Amino acid sequence: MSDTWPLNINAKSPNDPVFIGIGELPSGKYPNRNFIGDLTHVALLALKDAQMVPRDVDTILLIPNLHSAFDQADLIFSRMAEELGLIGHLKSSFMVHSGGSTSDNATRLASGLIASGHARTVLVLQCERWGSADVNEMVTMLSKYGIPNEWEMPTGLQFNAIGALIQRRYMHATNSSAADMAAVCVTLRKWALLNPNAMYYGKPLTVEKVLSSKVVADPLHALECPMLADGAVAFVMTSAENAKRRGLDNTVRVAGSGGCVSHYSVGQEADLGKLGWATAAKRAYEQSGWGPKDIQIAQIYDTYAAVMTSAVEGLGLCEPGEGARWFASGVADPGGKMPCNTNGGMLSAGHTGVGGGTALLVEGVRQLLGRAGERQVADAQRCVVGGTGGSYMDAQVLLLERAGKGAQ
Amino acid sequence: MSVNPIRDEFRAALARGELLVQKCNDCGKLNMYPRHACPHCQSLSLGWQQVRGRGVLHSYTVLRVGAPEGFDQDLPYALGVVKLEDGVQMLGRLVPDAQGNWDHYRCDQTVEFQPVPPEQKTPRACAWFTATSL
């Protein structure tokens, strides 16, 4: 397989797929909300943002939930078509799933359907009820997902241990200190303080507080691990031509994407301190013609600090080996030169399972649409979105830019 | 549990104190984890090679809370990714020192497969590695 291939569409193509609307519900512990209710409400929020009604949608893509196989089946078997009044109207409703990188792949899939003409307007829906689920049940489930049952399950591996293996290797390879790693969490919290939808809105955090929390899996402290949350996000994509016809001048397009599946089993990753980010970034940059200097904001999967520090290095946003110290310098903070995870990320907005990556994608689109309110990054034109699934099996990179009249 | 001779042969060897790595009978390359067809040449003729289990510790962690169901009695325990000198890699458990600590482990140090696993309340079908005394 060649490492480079061009997109068959560009910013001038009538069938260029664009984001036109986003929706989000607050993430955290919301026992008084429910799964189908949240999906319905978030769908309507995204459609309203796109100045649409359900009947404008011909295809629904579902992002999976992990809290319940029964709820998952509702998604797979088109329940949302019925809930949104689209019976007999909707062409297709189906699920796409690659764990934490699902949102990147859902964007690719929606783009392909739109560009090829198989779909005109795609609604992508996500809801997770992790925050209200039974914690022990979720821990058990997370100790079985993305871990080979024959070879690694007998060791007693689980998700925090996977994050710890990555963080330990990263710290060793880059000589990063515990305080450097904790600084990533503090940057994310600063952003969450600007996001009323974030789980940790209104709860400041310091490096000292992170480092004084108990060690759960060396070198990870409790406050360096993501908290399971309820949450829901949605977005709408259509063709540039359809957006224009509907008078939607402010849109976001995909300038290119790249990906790299670097392992399935964490024990088979060639370099746990780097993962697949550099290869994914190279592919995305080659497809788009962008380089690191073109990027103004970043929204990257951040279940553990080292996943994010290895990503900013692989993307070339900082010098190799300097990711954690780069965060500690404040460059990714509100007001910094390279704002990162401006919703607070999964570590501070809440880990909504597969939805954590979706929330980051939607935040990137929100910033480029200029709808981020108090945390809006002035004149943001270009954003990188990074996702990864399972035991960080893949690195997925989307390069997004403003399109329509807002583009410069 | 489904029938899986590859898994069963690997685990039977561990129980005997041997570490096996899959070897393709056609191209001769080693595969870890063991596969159902050789990922190098797609051959279905696959066998085993016993290895000493010496390698480099790529990364490790000590899990202190939040063990998976059925592993609570093992806490705390250490996991490590070992790059074997044979050119393949795997996840295993790390043997603690006499005081029950893992402070003597470092990334990139040499470790070795321990044929007789340390005493455990529940024996696990995984490889154990220990720091080599140089």
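Predicted model: local features only at pLDDT ≥ 70, side-chain atom pairs only at ≥ 80, totals over all residues.
Q: What makes A:N341 buried or exposed?
A: The cut-off for a buried residue is 20 or more other C-beta atoms within 10 Å. A:N341 has 28 C-beta neighbours inside 10 Å, so it counts as buried. Its place is in the loop between α12 (323-328) and α13 (345-349) of chain A. The phi of A:N341 is positive, about 50°, although the residue is not a glycine.

Q: What makes A:D379 buried or exposed?
A: With 12 or fewer other C-beta atoms within 10 Å, a residue is exposed. A:D379 has 10 such atoms, and it is therefore exposed. This residue is found in the loop between α14 and β10 (382-387) of chain A. Phi of A:D379 is near 55°, a positive value in a residue other than glycine.

Q: How do you know whether A:L47 is buried or exposed?
A: A residue needs 20 or more other C-beta atoms within 10 Å to be buried. A:L47 has 23, so it is buried. It belongs to helix α1 (residues 35-49) of chain A.

Q: Which residues does A:L47 touch, not counting residues up to four places away in sequence?
A: A:L47 touches A:G21, A:M52, A:V53, A:P54 and A:V236. As for A:N343, which is 296 residues from A:L47 along the chain, the two C-alpha atoms are separated by 21 Å.

Q: Why is α6(A) said to be largely enclosed by the rest of the structure?
A: Of the 16 residues of α6(A), 14 are buried, so the helix is largely enclosed.

Q: What is the reach of helix α6 of chain A, and what is expected?
A: Helix α6 (residues 159-174) of chain A has 16 residues and reaches 23 Å from its first C-alpha to its last. At 1.5 Å a residue, 22 Å is expected, and the computed reach is close to that value. After α6(A) comes A:N175, whose phi is positive, near 55°.

Q: Which residues meet in the contact of α4(A) with α14(A)?
A: A:T102, A:S103 and A:T107 in α4(A) meet A:G357, A:T358 and A:L361 in α14(A). By class, this contact has one nonpolar, five polar and no charged residues.

Q: Which peptide bonds are cis in chain B, and what are their omega values?
A: One cis peptide bond joins B:M32 and B:Y33, with omega about -5°. B:Y33 is in the loop between β2 (30-31) and β3 (46-51) of chain B. Another cis peptide bond joins B:L75 and B:P76, with omega about -10°. B:P76 lies in the loop between β4 and β5 of chain B.

Q: What does the domain assignment of chain B give?
A: The assignment gives domain 1 (5-51) and domain 2 (54-131). Their centres, taken over C-alpha atoms, are separated by 21 Å. Nine residues of domain 1 are in contact with eleven residues of domain 2. On the side of domain 1, α1 (5-16) and β1 (19-24) of chain B each give two or more residues.

Q: How many residues of chain B are in contact with chain A?
A: 29 residues of chain B are in contact with 28 residues of chain A. On the side of chain B, β4(B) gives the most, with six residues. That side divides into 16 nonpolar, seven polar and six charged residues.

Definitions and conventions
Residues numbered from 1 in each chain as written. Chains lettered and ligands numbered in written order. Contact = placed C-beta atoms within 7 Å. Helix = DSSP H or I, 4+ residues; strand = E, 2+ residues; numbered from the N terminus. Nonpolar A, V, L, I, M, F, W, Y, C, P; charged D, E, K, R; others polar. Expected span 1.5 Å × (residues − 1). Domains from an automatic or database assignment.
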